[in-house]
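Reader: I would like to learn how to read helix packing and strand pairing. Please walk me through an example.

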Amino acid sequence: MWKPPDSAARLFPLVARPRPARLPLPQRVRALIELAPAQDDPSTASTVHNQAALIASDIGKPTTARAMCRRHAVAYLHSAPGSGRGPRPRPGQPRPPGNHQSATAARAVAAVFHSGESPEPSQSTIRTTTRVAHVTTLSDSTGTPTADQLRDALTERLLTGKHITSSPVERAVRSIGREHFLPSFTLEAAYADNFTYTKTDGSGTRISAASQPAIVAMMLEQLAAQPGERIFEAGAGTGVNAAYMGHIVGPGGHVVTVDVDDDLVDGARKHLADAGIDNVTVVLGDGVLGHPEGAPYDRVIATVSTSEMPTAWLQQVKPSGRIVVPLRLRGTAGRVIAFERRGDAWVSIDDQLAVFMPLRGSMDDERRTVALTSQGDVTLQVHKDQSDAVDADLLLGILDTERHEVWTGVTIPAGTTYEYHDLWLALTLPHPIVRMSVTGDARDRGVTPMLPWGAMATVQDGSLAYLTLRAAEPGSDGRKAYETGVVGHGPGGAALADLVAEQLRTWNAGFRDRALRFELPDAPAVADPAAGRFVLDRPDHPITVIWE
């Protein structure tokens, strides 16, 4: 059975009493973070929730409490062992906590302040009153910070988190006023390090957003634009990303950004004009087709995800150019990949984990939601390449069937992402992984997902298997670790859980320490899964994934 860490016991010795002794907020947040992964244990959950409530009570406002705890969580994670600068770790190896501190802190705060709010970013539309779930404030005081102060604070956070690593990107983020691009939002919301949703369709599905600043900075670093260059962007959105790029390329360069909706294009044009940006052209059109009138481009970037590289982008970029695109590889798994031309293929020079709105237009990467419970509190996000495998009628109520639990022996150090672990499953399972979101009272009914938001899952012949975890023995460095498990349901649930577990053991034994490479070859490639070489079929440009 999981046991709270010594630091938690030391900091919260009086948890059963009404008002325990007050210690400095950073120490209290640290202990909550350490407790958060094990909230499935009832006594631990009680401790976490009681202490979170006390912190909120002390500060006075729950939203402010979350903001303050988020900042202290970032500081704690950034100061943890291994958070310094250094070479990029190999797949499966611990990443420096600083590289993902914002996301990790958000998950930690969402876990310890479990108030029914989703750990998703800011949510609003252009037609409704602004509602922000998590706001990172400039200070603990009640004074109202200015836009300049918030802009500087955001820039410093991105520098500290190593999302910004170059002077051109720093100058752009420090110079461009985000408030011009998010006029319906508060200043604090405009400068929060979250996604900011700006538009929904008629069904309420979110279809446009201002990307999280940390992700924007990461992609700008991947793009590495230079003064005087011409850039094509698919997905204008609010226009803020184009503004950053316009600042980087300067008066001698130019940015063309395309979006599919009139209102988004009109809004981006107005926002850019309000911000004084005059070297960006916003075009109404299908981003898949590029913009041949402005070609050739030195750089191409997409701020929407696509399951295949559009041919037009390859044709309109210079042979010496670079393309940065969020590619959905298989199922839910995707990477933001920077490609350059090498010989007879486009080859990745960098890849990162991120999630984006799907592309809309002639290569629409549609997705749908499938409910697993009558309450609607456990759902699958299904992409078009999974539709045939997912029968909504067969899966409704699947979690009420017998549970089969398998433990893999595969352990992941605390603070490490599961991105390569998940990618391997996406590539090797008969039906790729899907995102299983868990909310409401589902956990009280026995659903045990791996993470606060839910878990990755797979389906086959009316059965389901999803990932879970439990505390494992610490590593040789004393760092906490967690073992991955698999829970199966349905007539073939036990066999499916065994299959998932076996694939994880294969990854752990033979591929965990390998590096990844992605290619878009001119000639057909040959797959060799046993050697870690996969070919993902596409109509025009198949994707080769190589674990080397």
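Reader: Which residues in helix 6 meet which residues in helix 7?

Author: This is a predicted model, so local features need pLDDT of at least 70, side-chain atom pairs count only at pLDDT 80 or more, and totals for chains, interfaces and linings use all residues. Residues are numbered from 1 along each chain as its sequence is written, and side-chain values use heavy atoms, with hydrogens and water left out. Helices (H or I, at least four residues) and strands (E, at least two) are DSSP runs, numbered from the N terminus. Contact means heavy atoms within 4.5 Å. R151, D152, T155, E156, L158 and L159 of helix 6 meet E170, V173, R174 and S175 of helix 7.

Reader: How are two packed helices described?

Author: By the angle between their axes and the distance between the axes. Axes are lines fitted to C-alpha atoms, for helices over the stretch in contact, and angles run from 0 to 180 degrees between N-to-C directions. Here the axes of helix 6 (residues 147-160) and helix 7 (residues 167-175) come within 8 Å and cross at roughly 150°. Helix 6 is therefore roughly antiparallel to helix 7 (over 145 degrees).

Reader: Which strands pair with strand 3?

Author: Two strands pair if DSSP finds at least two bridges between them. Strand 3 pairs with strand 4 (residues 254-259) in the parallel sense, over five bridges. R230 has H254 as its bridge partner in strand 4. Strand 3 also pairs in the parallel sense with strand 6 (residues 297-302), over four bridges. There, R299 is the bridge partner of I231.

Reader: How many residues of strand 3 are buried?

Author: Four of the five residues in strand 3 (residues 230-234) are buried (under 20% relative accessible area, 1.4 Å probe, protein chains only).

Key. Buried means under 20% relative accessible area, exposed over 50%, partly exposed in between (1.4 Å probe, protein chains only). Angles under 35 degrees count as roughly parallel, over 145 as roughly antiparallel, 65 to 115 as roughly perpendicular and the rest as oblique.
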